[in-house]
Structure formats: C-alpha cells, structure tokens
Amino acid sequence: MKKLMTILFITIILTGCTNSSVEAISLDEAQEIALKAIDGNVTKAKKERDDGIDYYDFEIISDNQKYEIEVDANTGKIIKNEKDTDYVPSSNEASQNNNSQATTISIDEAQRIAMEKVGNNGYLVKCELDIDDGIQKYEIEIKNGNIEYEIDIDAISGEIIKYEEDRN
C-alpha cells in the first residue's frame, strides 16, 4: 500500500510539473496588446519560447523608431517594451513611412490572405516583413495539427508568391 501511495504521489507531482504550451491568447490578440503599447507598423510577429515561457515577439516601427515588444502568451502581459537605440531606418522604410499605407498591405491584411489560403484552419506562428532580392514580402507560418504552411505574400500587391505545405 505504501508503494502504491508513493507511486501515486510521484505521479501527481510529475503531472503537476509538466508545462503545457497552451496559450491563453492568440498571436492576433497579442498583436493588439503590443499595438496599444506602441502605435505603429508591425514588421515582425512571431511566437517564441525561452526558459519554458511562451511569448509573442513583435517589432514595431513608429516615427522612424524601432521597438521590440514581447507579450506573455498565457497572461497577455507585456514582458518587454524596448526601443532599439541602434536602429537606423533604411531608405525604403523611411519612404514607406512618409508615403501613405496604400503602397503596401498591412500585416493584418497579409495574415488574412494567408489564413484564407489555408481555409482559415490552424493558428498563426509567424508573420514577418522582409526584403529579399529587392522584393518586400511577408513571411508567414501557420500550423494546423501536423501540417505546417509556409506562405510568402508580396507586401505591395498582396499576391501569394510562395506556398508550401509540410506534413510532420
């Protein structure tokens, strides 16, 4: 009986110590929280994990300044809000900030296009604005069960320029 109680006790302790990675908030909800802290253009939105803590990492450009915002994926609390003091906007970013947003689609629009492509299934893991070979694009990752989607969307036209499915 003592062995059974000991095994039961150890099982309860180990079960209680496991860290589930179920997020209380989505990437979209975390992005709203980040944009309330810093109003600007999101250039990076990505889920991260460090020291057992799940969080969302955002880069936001506002008034030619870059900020890094981290939002706890379980609580929705901002755990980091830093201005990048070494940031120098590229001529492309400076002209983009001076022009109207009509020249590029927003990160929200890119996310919507990607989610529609996968049938609004799954959850957003990453959405990041990048420039490759002079082409400004959003690199997006979506997961749905054992399927991972990688989608690149032209940031000017909103056209899907890369679509890949990977089954794990």
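Modeller: Start with K137 and D152, whose side chains meet in a salt bridge at 3.1 Å, N to O. K137 lies in strand β6 and D152 in strand β7, so the pair ties together parts that are 15 residues apart in sequence. Both residues are buried. Keep in mind that this is a predicted model.

The pair is not alone. Salt bridges that share partners join K126, D132, K137, E139 and D152 into one network. One link in it runs between E139 and K126, with the closest N and O atoms 3.8 Å apart. Here E139 belongs to strand β6 and K126 to strand β5, so this bridge connects parts 13 residues apart in sequence. Are these two buried or exposed? Buried means under 20% relative accessible area. E139 has 16%, so it counts as buried. K126 has 12%, so it is buried as well.

β6 and β7 run antiparallel, joined by 8 bridges. Within this pairing, I142 has Y149 of β7 as its bridge partner. The two strands form a hairpin with 2 residues between them, and G145 takes a positive phi near 60° there. β7 is largely enclosed by the rest of the structure, because 7 of its 8 residues are buried.

On its other pairing, β7 meets β8. These strands are antiparallel too, over 7 bridges. I151 stands opposite Y163 in β8, and Y149 has E165 of β8 as its bridge partner. This hairpin has 5 residues between its strands, and G158 in the turn has a positive phi of about 85°.

What about the nonpolar side chains? In soluble globular proteins, such side chains tend to be buried together. Here the largest nonpolar core has 32 residues, and F58, I69, Y138, I140, I142 and I153 have the most contacts inside it. Elements that give two or more residues to this core include α2 (27-37), β6 (135-144) and β7 (147-154). The largest share, 5 residues, comes from α4.

Y138 brings us back to the opening pair. Leaving out residues up to four places away in sequence, the residues that Y138 touches include D152, I151, I153, C127 and L129. So what does D152 do in this picture? D152 is in contact with Y138, and D152 also forms the salt bridge with K137.

K80 forms a salt bridge with E70, the closest N and O atoms being 3.9 Å apart. K80 is in strand β4 and E70 in strand β3, so this pair ties together parts 10 residues apart in sequence. E70 is buried, at 12% relative accessible area.

Technical notes: Residues numbered from 1 in each chain as written. Predicted model: local features only at pLDDT ≥ 70, side-chain atom pairs only at ≥ 80, totals over all residues. Heavy atoms only, no water. Core = buried A, V, L, I, M, F, W, Y, C linked by side-chain atoms within 4.5 Å. Buried < 20%, exposed > 50% of the residue type's maximum accessible area, 1.4 Å probe, protein only. Helix = DSSP H or I, 4+ residues; strand = E, 2+ residues; numbered from the N terminus. Contact = heavy atoms within 4.5 Å. Pairing = 2+ DSSP bridges. Salt bridge = Lys/Arg side-chain N within 4 Å of Asp/Glu carboxyl O.
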